[in-house]
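This report covers strand pairing, nonpolar cores and a surface patch. Please consult the sequence and structure shown below.

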Amino acid sequence: MSTTYFTEEHNLFRKSLSDFLQKEVVPHIDKWEKTGTIERFIWEKFGEMGFFGINYPEKYGGLDLDIFYTVIFLEELQKINSGGFAAAMWAHAYLAMTHLNKEANHEQKEKYLAPSITGEKIGCLCITEPFGGSDVAGMRSTAVKNGDHYILNGSKTFITNGIYSDYLIVAAKTSPEDGNKGMSMFVVDRDTPGIASTKLDKLGWRASDTGEISFTDVKIPAENLMGEEGKGFPYIMQHFALERLVMGINAHARAEHAIQYTLQYMSDRTAFGKSIDKFQALRHRIADIASEAEMCKQFNYLTAQRLGNGEYVVKEATMSKLLSTKMADKAIDECLQFLGGYGYMEEYPLARMLRDSRLGPIGGGTSEILREILAKMIIDKKEYKPAT
């Protein structure tokens, strides 16, 4: 582990988080993977430990710690072999809550951010639409101003925590004729009339509740507008750097976890009179995937450091997600192969890891979209700037 980025305080935090996960979370994971429902008590335990408040202001109950506490939070969540559980936690803490922290006013933060930090309220971020996918600008949902409220209509899909969350951070067009300049952000209570959710059945991330959500004449009080009307698109764009880096860090962490598990298996498993970690063909393949995982990790750490220093690292974060998620899929696929027939069995961890990892190149912007964004920056010299 690099001493450049992690202090003794960081290492103590990692140990306490790891111990907490092993004691409080791991015993329930198989049940939650089967039911697709993460029980509410664990959110409150996370809140009690301060894990949801890592990077949020002390004013609202947070700890206001540096970004490498977030890196540790993400890495340790990948070591318990439930991409769905990890996603539910970080989608709450780093998608929904990020928008609250940056765009919400004081009253909104008191009502939603403070109880999100304690784990009393769970949030979700509603951007992706059935017809839009990664094309945020093609959003069709509308929120039309009508006196002292807005009327929201439309639908969202692939929303993590989309079923069991208490509030929704929703992007919708308040001025559809203005394209992406007519988009705004709202915080909406789950029990508002007109909201309906359908749980989606997924290949992986089985523990998390991923929903398709419809909004039919949903009446949103005007005071639930977050930030300025019409600024929704730049708000969303400026947070993509964090989301992509989160997914890049998740990827290197799960690849490392898979490699460590596989190395232990290979040292125990014998064939032709010796442990299989002595066969050159396998040793060299491990050398390759471990090297690629380490390259991604070091790039991700440097990018995290720059993001923590206030730099706008959208290019580097996009590269992080693109390459790290591709690497993780390759590494985990290789690791499953090293287990032979056992790799294909559900009682061994690689089968779930493979399914969960496969979401990496899709969620938070597909690899194809990320390549086009990078091409615009590299070839066309396009510059992306944070919202002012």
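## Strand pairing

In this predicted model, strand 6 (residues 195-199) and strand 7 run antiparallel and are joined by five bridges. Within this pairing, Thr198 stands opposite Glu212 of strand 7.

Strand 7 (residues 210-221) also pairs with strand 3 (residues 149-160); these two run antiparallel and are connected by nine bridges. Here Leu152 has Val218 of strand 7 opposite it.

## Nonpolar cores

The largest nonpolar core contains 79 residues. Those that touch the most other members are Val25, Phe46, Phe73, Phe85, Met89 and Trp90. The most is given to this core by helix 4 (residues 83-103), which supplies 13 residues. Another core, of 22 residues, lies apart from it and includes Ala255, Ile276, Ala293 and Met353.

What does Trp90 touch, leaving aside residues up to four places away in sequence? The residues in question are Leu74, Leu95, Trp205, Val246, Met247 and Asn250.

## Surface patch

On the surface, Tyr342, Tyr344 and Met345 form a nonpolar patch, and their accessible area together is about 360 Å². Tyr344 is placed in the loop between helix 8 (314-338) and helix 9 (349-357).

Is Tyr344 buried or exposed? Its relative accessibility is 67%, and the residue therefore counts as exposed, the cut-off for that class being over 50%.

Methods
Residues numbered from 1 in each chain as written. Predicted model: local features only at pLDDT ≥ 70, side-chain atom pairs only at ≥ 80, totals over all residues. Heavy atoms only, no water. Core = buried A, V, L, I, M, F, W, Y, C linked by side-chain atoms within 4.5 Å. Buried < 20%, exposed > 50% of the residue type's maximum accessible area, 1.4 Å probe, protein only. Helix = DSSP H or I, 4+ residues; strand = E, 2+ residues; numbered from the N terminus. Contact = heavy atoms within 4.5 Å. Pairing = 2+ DSSP bridges. Patch = residues over 30% accessible without salt bridge, like charges linked within 9 Å, V, L, I, M, F, W, Y side chains within 5 Å. Areas by Shrake-Rupley, 256 points an atom, 1.4 Å probe, with all protein chains shown as cover. Salt bridge = Lys/Arg side-chain N within 4 Å of Asp/Glu carboxyl O.
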